[in-house]
Amino acid sequence: MNIVIKNTGSWYTVLTEGGETVECKIKGNFRLKGIKSTNPVAVGDHVDIVRNQEGTAFINKIHDRRNYIVRKSINLSKQSHILAANVDQACLVVTVANPETSTTFIDRFLASAEAYSVPVILLFNKTDLLDDELKEYQDMMVTLYETIGYQCLQISAQTGYGLEELRTLLQDKITLFSGNSGVGKSTLLNSLIPGLNLKTAEISDAYNLGQHTTTFSEMIPLGDGWLIDTPGVKGFGSFDMKPEEISSYFKEIFLFSKDCRFSNCTHTHEPGCAVLKAIEEHYISESRYKSYLSMMQDEDDNKYREAE
C-alpha cells in the first residue's frame with residue numbers, strides 16, 4: 001500500500017510499497033463524504049499513484065479511510081482541515097503552565113477523536129517545571145480524565161521523565177501527535193527519536209504563548225511504528241457534528257444521558273435530566289460540562305472557535 005507521509009500544501013510525499021519516496025501532486029478533485037476540505041489528501045492516506053513520461057507523479061485515488069482527525073479550518077468556517085488519516089491512536093500534549101492548555105481545548109480534541117473512533121492518550125508535559133501547587137492541580141486533572149476513561153501520562157520531554165513508558169505505548173502503532181503551540185511537542189519528538197532535530201521555539205514572554213514551529217504534517221518512523229507530527233493548533237472547532245450527537249462524544253455525559261426523562265434531552269434545562277443531576281452531585285465535572293455547552297454553541301455560531 002502506498003502511504004502519504006508528508007504534506008507541504010501543494011506537494012505530497014508518498015512512500016510506495018517498494019519503499020521508495022515519490023513527490024506527487026493531486027490529479028482530479030477529491031471529496032470526503034461531501035465535506036469541503038482545505039487538504040483533500042491527508043498524511044496517513046493510502047493512495048494510488050500514476051507517473052507520466054516526464055517523471056512527474058500524481059495521486060489519482062484515495063482508498064477509504066479507517067478514521068481521521070478533522071478540525072475546522074481557521075479562516076474558512078465551512079471547510080475542514082484533516083490533521084491525519086488511518087491512525088491507531090492520538091497523543092495530545094498538554095501543559096498546566098508555560099503555557100496553560102485550557103480544558104475546553106482538551107475536551108474539544110477528545111470529542112473530535114471520539115467522533116472518529118480514535119483512542120487518545122493525554123501527555124501532561126513539562127512536569128519538571130511544576131511547583132507543589134501546580135503539581136497538585138495536574139494530579140487532579142489526571143484523576144479527572146482517567147476516571148472518564150482516558151489514559152494519562154505525566155512526562156518531561158526535557159528530563160526524559162515518563163518517556164520509557166510512552167515509548168512502550170507507541171510501539172508498532174501509527175500515532176498522531178497534537179497540541180497547542182508551546183507545549184513542547186517538537187522537543188518531545190526530538191527526545192523520542194534521536195537525530196530528528198525538529199526546530200523548537202522559545203515561549204513568547206509577552207503572551208506566554210508558543211511560537212509555531214511545525215508548518216505541515218509529517219509521518220516519522222519510530223521502530224516498527226510511525227509518529228505523525230502536526231502543526232501547533234490554537235483552537236479546535238467541532239466540524240460536521242449535529243448538536244444532538246455531541247453528548248455521545250463525552251463519555252460520562254453519554255453514560256448518564258441514558259437515564260434522562262426525554263430521549264431528545266439537550267441536558268441544558270429539561271426536567272428529569274440525569275446529566276444535570278449528575279453535575280449537581282459532582283459525578284460530571286463543571287469543566288467538562290462547560291466544554292459540552294461550548295460545542296453546542298458552535299452550531300449556532302457556525303465558526304471556528306479558539307479554546308477559551
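Helices α3 (residues 163-170) and α4 (residues 185-192) have axes that come within 11 Å and cross at roughly 80°; axes here are lines fitted to C-alpha atoms, for helices over the stretch in contact, with angles running from 0 to 180 degrees between N-to-C directions. That makes α3 and α4 roughly perpendicular to each other (65 to 115 degrees; under 35 is roughly parallel, over 145 roughly antiparallel, the rest oblique). Keep in mind that this is a predicted model, where local features need pLDDT of at least 70, side-chain atom pairs count only at pLDDT 80 or more, and totals for chains, interfaces and linings use all residues. Residues are numbered from 1 along each chain as its sequence is written, and side-chain values use heavy atoms, with hydrogens and water left out.

**The chain overall**

- The protein chain has 8 helices and 13 strands, where helices (H or I, at least four residues) and strands (E, at least two) are DSSP runs numbered from the N terminus.
- Of its 308 residues, 51% count as buried (buried is under 20% relative accessible area, exposed over 50%, partly exposed in between, with a 1.4 Å probe and protein chains only).
- Take the contacts (heavy atoms within 4.5 Å) between residues at least 6 apart in sequence: 64% of them join residues at least 24 apart.

**Where α3 meets α4**

- On the α3 side you'll find Leu163, Leu166, Arg167 and Leu170, and they meet Leu188, Ser191 and Leu192 of α4.
- Sorted by class, this contact has 5 nonpolar, 1 polar and 1 charged residues (Ala, Val, Leu, Ile, Met, Phe, Trp, Tyr, Cys and Pro count as nonpolar, Asp, Glu, Lys and Arg as charged, and the others, Gly among them, as polar).

**Nonpolar cores**

- The largest nonpolar core holds 40 residues, and Val120, Leu122, Phe124, Tyr145 and Leu176 touch the most other members (a core is a set of buried Ala, Val, Leu, Ile, Met, Phe, Trp, Tyr and Cys residues joined through side-chain atoms within 4.5 Å).
- Elements supplying at least two residues each to this core include strands β1 (2-7), β6 (68-72) and β9 (120-124), along with helices α1 (103-115) and α2 (132-148).
- Helix α1 gives the largest share of this core, 5 residues.
- Apart from this core lies another one, of 19 residues, including Ile121, Ile155, Leu170 and Val183.

- α1 runs for 13 residues and spans 18 Å from its first C-alpha to its last, close to the expected 18 Å (1.5 Å times one less than the number of residues).
- It's mostly covered, with 11 of the 13 residues of α1 buried, among them Phe105, Ile106, Phe109 and Leu110.
- After α1 comes Ser117, with a positive phi near 55°.
- Most residues other than glycine have a negative phi, and most peptide bonds are trans.
- In the loop between β8 and α1, Asn98 has a positive phi of about 55° although it is not a glycine.
- Asn98 is partly exposed, at 33% relative accessible area.
- Asn98 is also joined to Pro99 by a cis peptide bond, with omega about -5°.

- Lys6 lies in strand β1 and counts as partly exposed at 25% relative accessibility.
- Lys6 sits 9.6 Å from Asp229, C-alpha to C-alpha, though the two are 223 residues apart in sequence.
- Beyond neighbours within four places in sequence, Lys6 is in contact with Trp11, Tyr12, Thr13, Val43, Phe216, Ser217 and Glu218.
- His267 lies in the loop between α6 (251-257) and α7 (274-280), and it is buried, with a relative accessible area of 3%.
- His267 also has a positive phi, about 65°, although it is not a glycine.
- Contacts of His267, leaving aside neighbours within four places in sequence, include Ser247, Ile253, Cys260, Cys273, Tyr289 and Tyr292.
- Ser287 is in helix α8 (residues 286-301) and counts as partly exposed at 23% relative accessibility.
- Ser287 touches Thr103, Asp107 and Leu144, not counting residues up to four places away in sequence.
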